[in-house]
Structures are given as C-alpha cells and as structure tokens.
Amino acid sequence: QVQLVESGGGLVQAGDSLRLSCAASGDTNCISALSWRRQAPGKERELVASITTGGTTYVAPSAKGRFTISRTSANNTIYLQMRNLKPEDTAVYYCRSTRCAVWGQGTQVTVSS
C-alpha cells in the first residue's frame, strides 16, 4: 500500500506564499502519479495539480500562474508551491495517489484578507 503525509499548511495573509509537502512511501506503483486536491468549507474536493514520475504536470486553471507542483528526484516527495495566495484558496489540502486512490490526512491552509 501507500502512505501519504502532508505538511506545510498554516495561516497566512493574502498575497503570501506557502509550500506544501507530501511525503509518500510504499508501493512505487501507487506513488507514480500523485496529486494535490483541496476542499473548501461547504464545497466538494477539487483537483489543484498533479504530477507523474515522468514529470508531466497539470495545474488547474484557478491555480495556474500562482501554484507550481514538483517532486524530488527520488520521487518520494511532492511539493505544492503556492504564491500570491487568495482568501478563496482557503481549504484543506490533500495529497492523493491517483492509481491507488489513497488520500493523505490533509493540511489546513487559511488565507486571511
């Protein structure tokens, strides 16, 4: 199986930056394709960004130009660099294994105006 552990969330002001980390361990097949998703209060979870071991990335339109997804060369940690944060970015951010449908416990990001 796979374990995903997120970190790096916090309370920031609009315009600030944060970097989230997701440490992945376990089945290499499960961690080959990972993504960041978020869930704001009263809303459904949505895809923010994804990355494969080959380096193929996707960033949702709402985050494009502000968020960057990357992973270590060992492929066991992915990052979400978030810049110019907005209050609407407030959510619990989750790391997810695409192939194995496993979620991390989430990390809270709160952006004050």
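I began with the term for accessibility: buried means under 20% relative accessible area, exposed over 50%, and partly exposed in between, with a 1.4 Å probe and protein chains only.

**Entry 1: the model**

I noted that this is a predicted model, in which local features need pLDDT of at least 70, side-chain atom pairs count only at pLDDT 80 or more, and totals for chains, interfaces and linings use all residues. Residues are numbered from 1 along each chain as its sequence is written, and side-chain values use heavy atoms, with hydrogens and water left out.

**Entry 2: disulfides**

I looked up the disulfides, that is, pairs of cysteine sulfur atoms within 2.5 Å. The structure has 2 of them. With bonded cysteines counted along the chain, their pattern is 1-3, 2-4.

C22 is joined to C95, with an S to S distance of 2.1 Å. I recorded a torsion of about -80° about this S-S bond, so the disulfide is left-handed. C22 lies in strand β3 and C95 in strand β9, so the bond ties together parts 73 residues apart in sequence.

C30 is in the loop between β3 and β4, and C100 is in the loop between β9 and β10 (102-103), so the pair ties together parts 70 residues apart in sequence. Is C100 buried or partly exposed? I found C100 partly exposed, at 24% relative accessibility, whereas C30 is buried at 3%.

**Entry 3: salt bridges**

I next searched for salt bridges, in which a side-chain nitrogen of Lys or Arg is within 4 Å of a carboxyl oxygen of Asp or Glu. The structure holds 3. Which residues are linked in a network of salt bridges? They are R38, E46, R66 and D89.

R38 pairs with E46, the closest N and O atoms being 2.6 Å apart. R38 is buried, with a relative accessible area of 7%, while E46 is partly exposed at 35%.

R38 also meets D89, at 3.0 Å from N to O. This pair links distant parts of the chain, since R38 is in strand β4 and D89 is in the loop between β8 and β9, 51 residues away. D89 is buried, at 1% relative accessibility.

D89 in turn forms a salt bridge with R66, with 2.7 Å between the closest N and O atoms. R66 lies in the loop between β6 (57-59) and β7, 23 residues from D89. I noted R66 as buried too, with a relative accessible area of 9%.

Leaving aside neighbours within four places in sequence, M82 is in contact with D16, S17, L18, L20, R66, F67, Y93 and V109.

Definitions and conventions:
Contact = heavy atoms within 4.5 Å. Helix = DSSP H or I, 4+ residues; strand = E, 2+ residues; numbered from the N terminus.
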